[in-house]
Amino acid sequence: MKLIELRHLRKQFIAGDVMVDALKDVSLTVERGAFTAIMGASGSGKTTLMNIIGCLDTPTSGTYILNGMDVSTMDDDQLSAVRNKTIGFVFQNFFLLHYATVLENVLLPTLYVDTLRHDLKDKAMEMLQIVGLKDRALFKPRQLSGGQQQRTAIARALINDPDLIICDEPTGQLDSNTASEIMKILTKLNEKGKTIIVVTHDANIAAYAGSTIVIKDGLIEGG
Amino acid sequence: MAARHLFKSGFLPKNLYLNLAVAAKSLGSFKGRTFLAIAGVVLGTLSLITVANTSKAMRLKTIADLERFGKNLLIVKSGLMQGHGSLVGLTTSMKLTLADAAAIKESLPQVKITAPAVTKTFPVRYRNTTVTGTTIMGIPMEFLQLKKMPASGRGRLFTDDDKRRKAAIAGANAAVKLFKGDDPIGKSIFVNQSAFEVVEALEPMAIDLSGMNEDNIIYVPLATFLSRLSSTPNTINLIYIEAVSESAMASLKGGIETLLRQRHNIKKGERDDFSVTDLKDVNSIQTKTMSIVVTLGMITSAISFTISSIGILSIMILMVDERKIEIGIRRAVGASKQDIALQFMTEASFISLAGAAAGLITGIALSLGISWLANIPFAVSLPGLLISCIAAIVTGIASGIYPSIKAVRIQPVNILRS
Ligand SMILES: Nc1ncnc2c1ncn2[C@@H]1O[C@H](COP(=O)(O)OP(=O)(O)O)[C@@H](O)[C@H]1O
Ligand SMILES: [Mg+2]
């Protein structure tokens, strides 16, 4: 079953008076439960593609069907709700709130959920257990190592039970041992049924994925 | 929709805690400005509350004073006038006589009651305690009709039988100084070698419109005063006069002045050796003074609120700039534009309400202090409370709007680019 379907996606940026075609004509499908790597040189359009898949940005033209919904026609509020429910984000720079504790960081996406739940803290602790950080719940991010910060970000990505987890260069700031720890956690999550997309330019990282898509100059190679 | 966003954006205790933690933390990095902004709200609220409470207290006091004296009261006092409306004479000459009082009563039809009175200070002794400089006031029985004495109820006020007796009524302060806790009623005090029996003690009255601290006075019957404590048995220094009606006040005042100038042989161009005061004049001067204070307080408060709005605005703008990444993260994990706007509005209101709370407490404390120092009742003005709360909320909202708009414009894609 398809989780993601992109048809003839284009994305143009206007930088000054030059028009940049970041994505030219991208069509691809990602099956539910897949573990996909996106590779490509710097400036090839990986982040642009991830932002659109992550509903942080909208395509200039083309169609994006996520989980059966046409998200390419949604407004800002609807996209916010989709991100909140369906997508978990892991960034290269972790992007944690430094004044908040690990636990509060993990809870952040729950602030924007409509329905009230009373077992949120237990749920967050469960997520921290999955990434092996249960004993660091009350630490501040700056007291953690890079790998631990990224694991916090993964727990945060999991808290609202999203179908899709997208990771843009998740190991870009980490040494290779830590990187493989992170990739093992992602593999484990994939085995439990999460659909995962990882952007990387490192073939060792891409090797954890079941399939790899290569992007070059805004086009999918061989696509 | 709105309710949903209120829910989502931090008005639930748990979320509120997180958002307030955020607010406090980020405010902490702009301590100077935050302090200034909060101080502005504190000052604004403080001046508003204090002015409102104090003016209410003054109003209550004036009403109480007017109630204690009859409403249509004139006071004639001997001596040159010091200033307009003041009852404190420049000189303390004793040129009024009982005959003056009788003449006023007889020849002016607007008069309802006259009460000639005389005051003088004496050392007063009770057992081994002597208090010097105690004001003894000789009053006729009519005085008790003009003025409601706050009697303790345990003794009795003067009756006609007391007219020539050596009886005394002790003001609250005078009693405290002299008796130091003993019950004054039934005790003998010595004034000018004469023993007076204290027949009643008074509750505190506070300084009243006649400008004397009446709590320090010991009252004795006028006839007793004139025969025992005075060497000039016809000379007095005060005449209290009640007019038949409020509309008769002005003509009565003029009539008294003409009559007394005549009786005292004051020629054209010479100054009066007495003054006639309408308690309403004193009252209206107080009201005028009060309204100036109220206006100044309102201006101070408006300026403070404006300054603090600008202060909060500048802090919030800085915070939005400093927290772009946080905004990006929150948007990425599902915050809508309204959520972000509400977050910054909450933070701005938080500063403002924190200041208002501090201003409220200090304002009430200050009004308490003023009421204690100025010997006026303590009152809390409800409109004052309401207006300051509204002003604080408006300040918070007004200064939160622009930063919220700025925060909402931030696009997560541009911020979170790796
Ligand atoms: N907001 C933007 N404005 C203008 N040009 C952009 C913008 N975002 C991306 N680009 C351009 O689009 C191309 C693809 O960028 P990006 O998706 O970040 O590549 P990658 O992540 O593969 O390094 C680049 O040429 C980049 O300069
Ligand atoms: Mg990139």
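**The ligand site and the aromatic pairs**

Modeller: With three residues, H1(A) gives the most to the shell around ligand 1, helices (H or I, at least four residues) and strands (E, at least two) being DSSP runs numbered from the N terminus. This is a predicted model, in which local features need pLDDT of at least 70 and side-chain atom pairs count only at pLDDT 80 or more, while totals for chains, interfaces and linings use all residues. Residues are numbered from 1 along each chain as its sequence is written, chains are lettered from A and ligands numbered from 1 in the order in which they are written, and side-chain values use heavy atoms, with hydrogens and water left out.

Biologist: Which chains surround ligand 1?

Modeller: A residue is near the ligand if one of its heavy atoms lies within 4 Å of it, and 13 residues surround ligand 1, the closest being Gly43(A), Lys46(A), Thr47(A), Thr48(A) and Arg417(B). The site is therefore shared between chains, namely A and B.

Biologist: How far from an oxygen atom of ligand 1 is the polar backbone atom of Gly43(A)?

Modeller: A polar contact is a pair of N or O atoms within 3.5 Å; within protein, one must be able to donate a hydrogen and the other to accept it, and residues adjacent in sequence count only if both atoms are side-chain atoms. Backbone N or O atoms make such contacts with oxygen atoms of ligand 1 from Ser44(A), at 3.3 Å, and from Lys46(A), at 2.9 Å. For the polar backbone atom of Gly43(A), the distance is 2.7 Å.

Biologist: What is the angle between the planes of Phe89(A) and Phe91(A)?

Modeller: Rings of Phe, Tyr and Trp (its six-membered ring) pair if their centres lie within 6.5 Å, and planes under 30 degrees apart count as stacked, over 60 as edge-to-face and the rest as tilted. Phe89(A) is buried (under 20% relative accessible area, with exposed over 50% and partly exposed in between, for a 1.4 Å probe and protein chains only), and Phe91(A) is buried too, at 6%. Their rings are stacked, with centres 5.7 Å apart and an angle between the planes of 5°.

Biologist: Is the pair of Tyr126(B) and Phe179(B) stacked or tilted?

Modeller: Tyr126(B) is buried at 5% relative accessibility, and Phe179(B) at 3%. Because the ring centres are 4.4 Å apart and the planes stand at 50°, the pair is tilted.
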